[in-house]
Amino acid sequence: MPPQTPATGPTSAADTRPQVRPATEGWEQKVGSDGRPLLQFASPRRGRPPVHWADLRVEDRAPKVVELGLPRFRAAQLSTHYFVHHTAEPAEMTDLPAAGREELVRALMPPLLTEVRRLTTDDGATIKFLWKLHDGALVESVLMRYPGRVTLCVSSQAGCGMNCPFCATGQNGLTRNMSTAEIVDQVVAANRALARGELGGKSRDDSTPDRVSNIVFMGMGEPLANYKRVIESVRSMVAERPHGLGMSARGITVSTVGLVPAIDKLAAEGIPVTFALSLHAPDDELRDELIPVNSRWKVDEALDSARRYFEATGRRVSIEYALIKDMNDHAWRADLLASKLNARGRGWVHVNPIPLNPTPGSIWTASEPDVTREFVRRLNDAGVPTTLRDTRGKEIDGACGQLAAAD
Ligand code: SF4
């Protein structure tokens with residue numbers, strides 16, 4: 001059994017391993033004029049993407065077609081094409097009058113994502129898409145088949161302003177917020193690829209429909225820094241077909257590095273999405289360096305808001321924890337994490353450690369298997385449900401931002 005007293009530092013022989021820090025290989029935290037870590041919350045002003053059908057709220061769509069001189073029922077037809085048949089091709093919309101159809105569809109559903117490249121794993125069950133947006137900004141999404149479900153990891157911003165030292169996206173700063181439709185269109189594009197049979201890995205007895213069933217907001221960007229558009233995109237994902245994608249809110253995971261006021265706002269939305277807090281360290285000393293936003297909201301504040309999310313929604317919260325060799329994987333940190341979670345009650349949280357994608361020769365590499373097992377064991381023994389996640393997409397640079405950064 002692990003020690004029952006809250007651990008606050010190295011406490012056992014297993015903890016005599018070195019303490020590696022983000023600065024070890026020369027990484028320096030950029031600081032602003034106020035001396036605090038530099039974080040970009042506001043999106044730089046850039047040309048906005050064209051307004052798209054998926055940017056409009058359901059109630060605004062019929063007035064929009066009326067404004068264009070068409071009867072109201074055309075709105076439902078257009079929504080059916082886009083959200084149900086996953087097409088924005090005028091030629092496929094044969095129930096619309098041929099005269100003026102091309103112009104109408106191009107005006108209401110301008111192309112938002114241009115596929116630049118895709119990488120597919122050997123077994124075909126994972127595809128990583130690199131998309132170019134209208135202004136040349138690059139984003140990516142990753143489509144993964146699991147037994148009984150299909151998950152899409154979506155981007156919510158081009159770049160990211162949170163500056164996490166282990167993240168390729170964070171090192172290049174925030175280019176801009178993505179629009180609601182740019183977020184939704186990643187799902188529609190993935191559904192189109194699925195309908196064409198482009199994602200492999202389906203076993204014979206798998207009767208799962210070929211549609212994205214789960215969304216994780218873990219691609220490029222900090223979703224809660226683009227709050228309004230992310231929430232509108234979630235509304236489109238859960239809206240009944242044909243007005244939206246007809247997905248279950250429970251299958252949608254919104255993750256954050258810990259923007260506390262936005263977490264509280266999300267809890268009050270009344271959309272029971274799964275909420276994930278990317279914690280990565282239970283102590284402020286390390287987390288201040290590992291997740292620079294910790295300079296604004298400390299570990300305890302982030303955990304308190306996660307607990308409030310559970311209380312408001314009844315949805316069990318996920319704690320994401322990338323295990324990084326000799327940096328945050330010490331046994332005492334597992335004990336400290338367990339004690340902080342248990343101090344806030346039982347049954348409200350689930351921990352998902354995930355070994356970092358190995359980067360040979362760098363400090364940013366995955367924990368050793370025995371260390372990983374010990375970390376998981378200590379949490380489970382302390383009564384905190386903990387499941388080790390696989391690093392899907394490892395062979396195609398699955399960590400967010402790596403593909404766009406390499407382009
Ligand atoms: S890890 Fe997430 S929040 Fe941090 S810089 Fe990367 S994309 Fe942004």
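Tutor: Two residues are in contact if their C-beta atoms, placed from the backbone, lie within 7 Å. On that basis, residues 24 or more positions apart account for 70% of the contacts with a separation of 6 or more in this chain, whose model is predicted. The chain holds twelve helices and eleven strands. Its radius of gyration is 22 Å, which agrees with the value near 22 Å that a compact globule of 407 residues would have. Along the principal axes, the C-alpha trace spans about 75 × 55 × 40 Å. Of the 407 residues, 45% count as buried.

When residues up to four places away in sequence are not counted, valine 273 touches Val234, Ala249, Ile252, Thr253 and Val254. As a reference for distance, alanine 181 is 92 residues from valine 273 in sequence, and the two C-alpha atoms are 19 Å apart in space.

Valine 351 belongs to strand β11, which comprises residues 349-355. Valine 351 is buried, since 23 other C-beta atoms are found within 10 Å. Its contacts, leaving aside neighbours within four places in sequence, are Ile319, Tyr321, Leu379, Val384 and Thr386. Between valine 351 and alanine 125 the separation is 226 residues in sequence and 25 Å in space, C-alpha to C-alpha.

Two further sites complete the setting.

Two packed helices are described by the angle between their axes and the distance between the axes. For α1 (residues 58-67) and α2 (residues 73-84), the axes come within 8 Å and cross at roughly 115 degrees. The crossing of α1 past α2 is right-handed. Arg61, Ala62 and Val65 of α1 meet Arg74, Ala75 and Ser79 of α2. By class, that contact has three nonpolar, one polar and two charged residues.

Key. Residues are numbered from 1 along each chain as its sequence is written. This is a predicted model: local features need pLDDT of at least 70, side-chain atom pairs count only at pLDDT 80 or more; totals for chains, interfaces and linings use all residues. Helices (H or I, at least four residues) and strands (E, at least two) are DSSP runs, numbered from the N terminus. The radius of gyration is taken over C-alpha atoms; the globule rule is 2.2 Å times the number of residues to the power 0.38. A residue is buried if 20 or more other C-beta atoms lie within 10 Å of its own, exposed if 12 or fewer, and partly exposed in between; C-beta atoms are placed from the backbone. Axes are lines fitted to C-alpha atoms, for helices over the stretch in contact, and angles run from 0 to 180 degrees between N-to-C directions. A crossing is left-handed if the near helix is turned anticlockwise from the far one by less than a right angle, and right-handed if clockwise. Ala, Val, Leu, Ile, Met, Phe, Trp, Tyr, Cys and Pro count as nonpolar, Asp, Glu, Lys and Arg as charged, and the others, Gly among them, as polar.
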